[in-house]
Amino acid sequence: MDNNYWKEFEKEYDETDPLSIENYAQKLIGRTFADIVKESAMIREASNYYNQYDDSKRKGRLGELIEECFFHYQCNNDSKPDFDKAGVELKVTPYRVNNNKTLSAKERLIITMIDYCKVIDESFEESHMWEKSKLILLVYYLFDKEMESRLDYEIGFAKLFTPPEKDQYIIRQDFEKIVAKIRAGKAHELSEGDTLYLGAAPKAATSKNRRKQPFSDELAKPRAFAFKNSYMTYVLNNYIVPGKQSYEPIMEEVAEESFEDYVVNKLHEYKGWSVTNLCRKFNVDFEKCPKNLGAMLAYRILGVRGNHAEEFEKANVALKTIRISSDNKIRENMSFPTFKFKELVGEEWETSTFYTYLSETRFLFVVYKFDKNKELYLEGCQFWNIPYKDLSEEVHSVWEKTRQVLCEGLHVTEKNGKHYNNFPKSSENRVSHVRPHALNAKDTYELPDGRLYPKQCFWLNNSYILEQLDEGFLGRSEYEI
């Protein structure tokens with residue numbers, strides 16, 4: 001269709017006014033994509049639109065449908081915001097209703113592709129990423145896997161969104177961290193786990209696609225700036241859907257230091273305190289000694305009364321407590337959620353559940369240490385995410401062997417009353433292994449061959465976790481309060 005076709009439509013909104021655009025978008029709520037197509041005057045000119053927009057291989061087609069059939073402007077590859085005269089970017093994104101009736105974003109929100117060669121010369125305020133994300137018209141539709149056609153999905157919300165100042169504070173830090181890695185010639189090592197709210201998400205047609213980067217001959221995966229799934233879930237529940245905040249913030253106001261430095265400095269104020277004295281300080285009943293006592297005390301130090309913090313929920317930060325013995329060893333391996341045997345067999349590595357979790361999660365290690373009298377002290381904390389090489393090589397190897405074992409048939413043997421299997425062992429890999437993670441022998445999943453077997457999960461080796469800790473944690477506590 002030529003440009004004259006689009007000019008024939010008299011728009012029912014003021015394309016220079018964000019509020020006019022938002023008010024018009026409210027008419028989408030409660031309607032399906034099929035409704036929008038059927039009601040559009042364009043159908044008289046293009047009867048094949050219905051089939052084109054239902055192409056599940058092209059994720060952006062639903063957004064294009066809203067642009068063309070509802071707002072009546074032609075889709076293009078222009079780098080400017082969709083409603084350029086109003087500075088508004090349109091984003092159409094799915095959400096889920098969970099079993100417990102809560103809402104969550106189905107996926108991250110892609111903002112724009114990262115041009116490795118151009119972004120190194122941009123400041124945050126003048127970046128293409130910020131131009132596309134400082135004012136977004138968010139159109140959320142309800143994802144339902146039972147629907148035969150994507151066009152039958154119903155639109156639930158349509159609202160303008162600007163990241164609030166306290167979020168911008170962290171988004172800016174994330175942007176600068178991503179750009180710093182590119183400037184260091186490490187675009188090929190980018191990971192969503194590097195950052196908090198804004199991630200560098202893989203964005204390619206195939207896993208073999210690669211792009212040049214400016215300060216290294218190593219080719220890098222194509223990536224896009226994206227708001228993380230966890231951040232979009234928080235946006236949905238706290239900024240889009242009317243309601244009160246779910247979690248307490250760690251920071252009430254923007255600080256001069258980075259968010260991560262703020263957290264580390266806050267926890268390190270109590271470095272060298274015994275767990276006993278920390279319990280007294282924060283009115284925690286030590287006698288009951290809950291399993292998550294170490295994490296509970298960390299949250300109390302950070303000023304959070306519950307066991308969830310707003311910033312951690314937005315950023316998908318997992319708080320893990322680590323206990324070091326007096327001889328500088330870690331007894332426990334680090335476990336992750338159990339995997340279903342039949343589902344793992346059907347996965348591909350770079351879209352697998354375990355790869356996705358490790359590549360997108362940033363961890364806060366809160367470290368405690370025993371003295372020779374078996375008294376436990378807070379040693380401090382550090383933020384961490386798994387290095388690219390360890391994930392792509394070592395963990396990948398363990399995942400592939402696990403998948404191979406399941407495909408070829410799990411072998412179980414018995415010796416001296418104990419059962420052994422051929423899943424990858426900690427002695428076979430520097431980083432990871434597979435072990436049981438079941439309540440008892442009856443807590444099982446079905447194997448591909450139909451047998452039931454106790455639930456298993458991937459673990460990070462205790463020796464590997466010890467390698468990742470700052471050297472200062474391996475010294476003795478120098479004082480107690």
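**Exercise 1. Determine how much area domain 1 and domain 2 bury between them, and what part of it lies on carbon and sulfur atoms.**

Solution. Domain 1 and domain 2 bury about 1,800 Å² between them, with 48% of it on carbon and sulfur atoms; buried area is the accessible area (1.4 Å probe) that two parts lose on being put together, summed over both. The model is predicted: local features need pLDDT of at least 70, side-chain atom pairs count only at pLDDT 80 or more, and totals for chains, interfaces and linings use all residues. Residues are numbered from 1 along each chain as its sequence is written, and side-chain values use heavy atoms, with hydrogens and water left out.

**Exercise 2. State the bounds of the two domains and the separation of their centres.**

Solution. The domain assignment (automatic or from a database) gives domain 1 as 18-240 and domain 2 as 259-473. Taken over C-alpha atoms, their centres are 32 Å apart. In contact (heavy atoms within 4.5 Å) are 23 residues of domain 1 and 17 residues of domain 2.

**Exercise 3. Identify the salt bridges across the interface and the helix that supplies the largest share of the domain 1 side.**

Solution. First, the rule (a side-chain nitrogen of Lys or Arg within 4 Å of a carboxyl oxygen of Asp or Glu) finds five salt bridges across the interface of domain 1 and domain 2. Asp-167 forms a salt bridge with Lys-314, the closest N and O atoms being 2.6 Å apart.

Methods
Helix = DSSP H or I, 4+ residues; strand = E, 2+ residues; numbered from the N terminus.
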